[in-house]
Amino acid sequence: MTHFTGVDWVIVIAYLAASVTAGLVGKRFIGSVERYLVAGRELSLYVGIATLAATEIGTITYMYNGELGYKYGFASFAAALISGAVMIVVGRTGFVIDRFRQLKLMTVPEYFERRYSRGLRLVTGVLVALGGILNMGVFLRIEGEFLTIVSGIPVRYLVVTMTVILLLELVYTVVGGMVSVVITDFIQYVLLSVATILVTAYAVYYAGWGHIVQKVNATMGLAGFSPIASPNFGLTFLLWQTLLWFSIHTCWQTTAMRVFSTRDPQTAGRVMTWTGFIFLGRGMLPMLWGIAALTLFGAGPMVNGAPLPVVNGQTLAPIDAMPAMLAQILGPGVKGLVVAGMLAATMSVNSSYLLGWSAVISQDVFLPMRQLMGKPPLGSKAQILVNRIANLFVSLFLMFWGLYYTPPGAVYLYLNITGTIFLAGAFVSVVAGLYWRRANVVGGYAAMLMGAVGAVVPFFFLHWSENITGMISFGLAAVGLVIGSLAGGRSPATEAA
């Protein structure tokens, strides 16, 4: 039985129609591949903040942060604090992003050809696309679960829900590229902000702040408040998270594309700085929702130190506790507004990711392969067509992976590891390339390959913890870069050095 009233459906359908229509307007402004991928490098401060925040705040963000809060209590706030603080540091110092913007890049792997070689750009492009698509592969299923739980749509329609979400995103992303994404991001950012404030107020009101604190203390003790005392976190987790978020805020393709799209390096730094403050709330508020759900529903059997949520006699997975809470506490109209806000978040993130990963496939895999085979370069229209075809193929994979793969642990940590497949090597290679003249192509290859092996083998085959796997990946990438560069001899000065 659906939890939606007629008012809720009207709000959601009106939003979807307005968002897709606004996104299609972007087609009018597409004339070159640069405008298609980086909006002509014309983003101002406020539009840049809105689109960067919207790009990295989706339903998936609320779901995995809600799960962290439910399972680990206030200790999970450490991850949010690190993500926001690191972003502010990057924005204030211009670390990496100033040099990136000066180089007028369109993708992160493009830097590798400028600094190292075309072959390394191709290898990096493959790893970036692999890690990014595996990362995004769980988005649709989890977003579909949120919508079916909150709206009350029967679970058997989950596939239909996933398909509709993907098709709507695909329509305006394929047609209008970055211009359409930026237009819809701004709309979605406003709506999502309203929804976030509403849900936070409802969650704290219904659970009660005193009861929330008491529940975490009774369930987890000190580990629910201190990341150092938590057996799931500790110092290794904090160090890995710091390295990871430095790499995300500088080398993550969808974030970097916003930096590439700004008017100048100064605007890029200010966008990153102010968005960093938004990132603090991006993590902590949905974590608080998860803790509120623990207070209301955490009465089931204990699994990995946290009780499973029990709702109306049914035991749910921890990641479903937060949307189940929203289905119960939100009233008519408010529920529709919140779901519209989450749809806004979903479409914003997914459209940006579709564009980001398809851009890597087209610009950093397909085009370099053509060049290595001696074929003539493609014009802007042909490059845009290749991007659009890549978008379609990425979308098909996302549907398949989302249906058949379930992350083994907390979704947040799975996303961290799949990102680390390329982030460890990319971050080490980029930093060395920008700030160490001795870095060379041998070191770049070693960093990318050893970083990827360090993420894939321990996690997917040896089933080691995410914390240890993440540190191994970054460590191997750094060792590979240094040893490879010292053994490979000096490289000539390059444009990007």
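Which residue forms a salt bridge with Arg-141? The partner is Glu-145, with the closest N and O atoms 3.7 Å apart. The model is predicted: local features need pLDDT of at least 70, side-chain atom pairs count only at pLDDT 80 or more, and totals for chains, interfaces and linings use all residues. Residues are numbered from 1 along each chain as its sequence is written, and side-chain values use heavy atoms, without hydrogens and water.

**Salt bridges**
- The structure holds five salt bridges (a side-chain nitrogen of Lys or Arg within 4 Å of a carboxyl oxygen of Asp or Glu).
- Arg-141 and Glu-145 sit four residues apart in helix α9 (residues 139-151), so about one helical turn separates them.
- Helices are DSSP runs (H or I, at least four residues), numbered from the N terminus.
- Salt bridges with shared partners join Glu-113, Arg-118, Arg-121 and Asp-364 into one network.
- Glu-113 pairs with Arg-118 at 2.9 Å, N to O, and with Arg-121 at 2.7 Å, N to O.

- Arg-121 is buried at 10% relative accessible area, and Glu-145 is buried at 17%.
- Buried means under 20% relative accessible area, exposed over 50%, partly exposed in between (1.4 Å probe, protein chains only).
- Glu-113 is partly exposed at 21%, as are Arg-141 at 25% and Arg-118 at 32%.

**Nonpolar patch**
- Val-453, Val-457, Phe-461, Leu-462, Trp-464 and Ile-468 form a nonpolar surface patch, with about 570 Å² of accessible area together.
- Patch residues have over 30% relative accessible area and no salt bridge; nonpolar side chains (Val, Leu, Ile, Met, Phe, Trp, Tyr) are joined within 5 Å.
- Helix α19 (residues 441-461) gives the most, three residues.
- Val-453 lies in helix α19 and is partly exposed at 48%.

Methods:
Patch = residues over 30% accessible without salt bridge, like charges linked within 9 Å, V, L, I, M, F, W, Y side chains within 5 Å. Areas by Shrake-Rupley, 256 points an atom, 1.4 Å probe, with all protein chains shown as cover. Helix = DSSP H or I, 4+ residues; strand = E, 2+ residues; numbered from the N terminus.
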